[in-house]
Amino acid sequence: MPNPVENREAVSILPGMTRTPIREVLQSDAPEPEILIEGWVRTKRDSKAFSFIEVNDGSCLTNLQIVADATLEGYHDSVIPLTTGASVSVRGKVVESQGKGQKWEMQAITVTMLGSAEGDFPLQKKGHSMEFLRSIAHLRPRSNLFGAVFRVRSRMAYAIHQFFQDRGFVYVHTPVITASDCEGAGEMFRVVTMDGEEIRLGDEEFFGKPSYLTVSGQLEGETFACALSNIYTFGPTFRAENSHTSRHASEFWMIEPEIAFCDLMADMDLAEAMIKHLVTDALESCREDLGFFDQFVDKGLISRLESVRDRAFERVSYTEAVRILEESGAKFEFPVEYGHNLQSEHERYLTETHFKCPTTVYNYPKEIKPFYMRINDDEKTVAAMDLLVPGIGEIVGGSQREERLEILRANMKAHDLDEADYSWYVDLRRYGSVPHAGFGLGFERLLMFITGVANIRDVIPFPRTPGSAEF
RNA sequence: UCCUCUGUAGCUCAGCGGUAGAGCGGGUGGCUGUUAACCACUAGGUCGUUGGUUCGAACCCAACCGGAGGAGCCA
């Protein structure tokens, strides 16, 4: 158990900083004579002789209860005006609590109000809708739910780097601005410069040709995999799709590993190992926050995550999946038909009803997949895979890439693509081509899966969706 | 882009053709250690916007704006 005083020393690497994070105060194993905590008031309860002030500094979910005697110097100036949302600096002793509900509390020696909160401070102790909290995206991280979500988001970003770095993957920063109008991954945002109110186009174009915000770093990632063997990207991605659902955002983060000397089976192995690693890490590192989600957001979350951690994932070919759906006897709004994409309801049936666990579907008909996916020996299907999880649907999409020059050229032609636009991509097949594979993981969808939060807008700090780019 | 639902106090909501309400939050006072504390008093509203129907509209109708859910597409 960390000792708060020792941890205070550790934090003091920053000049003049002597604040102890509340997370460490609450982990104390003995009373402490005097430390400093700082944070924001969540609620205050007054009685005649003293006040209870609940303070949160974002270091953990739980508040620290401060007991402030009415005899404290400056009580009327510093404690009485504290309302929910005000910021405080408190020096005091960490003592065992006389009340129920917490082991430790702080007996205040001095309380300083740093900033008051006006009476219309919108965050209260209860009863907010998610829609309202979205409208105050600048204040919602001060709520229990969003504090927890963004601590988990940070930890999962770390765990992703850890997973790949531990396996010798090289982190590649693929460009955000791209001039290749590629692969039909979705509608793109155009990047332009302005001359006053005039948009510069044609010969005036900044890059000499049309440019866009990236929809995927995959093609650039392949070039680096064909040099450094195992690489991954992790960065923002943009889609100008006019889609109004709880699972789509215009700006989101994507993780895209690309592995040389790799086939589809190993690609699926990697995707499943990554999901297991992230779930395992969340269960170990974010236990308190997950407990909050399990209680208030998605009952049964933790046991579901534990089963994802402990059970093998299912794996079926597209052909088998279609047969399972046809033989299920379940009623679907859209009929199951070989050669068509699986509908959301079909994916949900497979992962939630039939297998009841994460399920990877592979070898899709070539007609419904993009040009770069490797044609299988049956010449009907491509080496593609989608990892489906209960509650979310597709969380990972990947494939083995077509490494054979002539077949890639034929695929491009079949997809009405001009080879001249992809000369650098084709070059990878002309000079030392190797089998390689990769996948894309939507970071926000992963976070929805791990936190149980139902709307993508609530796992990204400042969501961008059609018609909405506030803050 | 299509379909459905929705907009009343700082927040959560009730009111559904006849004087705008409650709880929480704010303020004031009280209270023997509270835990979404409790008790009393109090301030707080262009009922999303515009137009229409009506003696009279928060309520009925239309358009527009905002929000949500689903579909398609995807991550």
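This briefing covers aromatic contacts and charges placed over rings. The model is predicted: local features need pLDDT of at least 70, side-chain atom pairs count only at pLDDT 80 or more, and totals for chains, interfaces and linings use all residues. Residues are numbered from 1 along each chain as its sequence is written, and side-chain values use heavy atoms, without hydrogens and water.

**Aromatic pairs**

- There are 19 aromatic pairs, where rings of Phe, Tyr and Trp (its six-membered ring) pair if their centres lie within 6.5 Å, and planes under 30 degrees apart count as stacked, over 60 as edge-to-face and the rest as tilted.
- Phe164 and Phe169 make a tilted pair, with 5.1 Å centre to centre and 55° between the planes.
- Phe164 is buried at 0% relative accessibility, and Phe169 is buried at 6% (buried means under 20% relative accessible area, with a 1.4 Å probe and protein chains only).
- Phe234 and Phe443 pair edge-to-face, at 5.1 Å centre to centre with 75° between the planes.
- Phe234 belongs to strand β12 (residues 230-238) and Phe443 to helix α14 (residues 443-451), so this pair ties together parts 209 residues apart in sequence; strands (E, at least two residues) and helices (H or I, at least four) are DSSP runs numbered from the N terminus.
- Phe234 has a relative accessible area of 7% and is buried; Phe443 is buried at 2%.
- One aromatic cluster is formed by Phe163, Phe164, Phe169, Tyr171 and Tyr232.

**Charges over rings**

- The charged end of Lys369 sits over the ring of Tyr364, 4.3 Å from its centre (NZ of Lys or CZ of Arg within 6 Å of the ring centre and within 35 degrees of the ring normal).
- Arg429 lies over the face of Tyr425, 4.1 Å from the ring centre.

Conventions. Chains lettered and ligands numbered in written order. Buried < 20%, exposed > 50% of the residue type's maximum accessible area, 1.4 Å probe, protein only.
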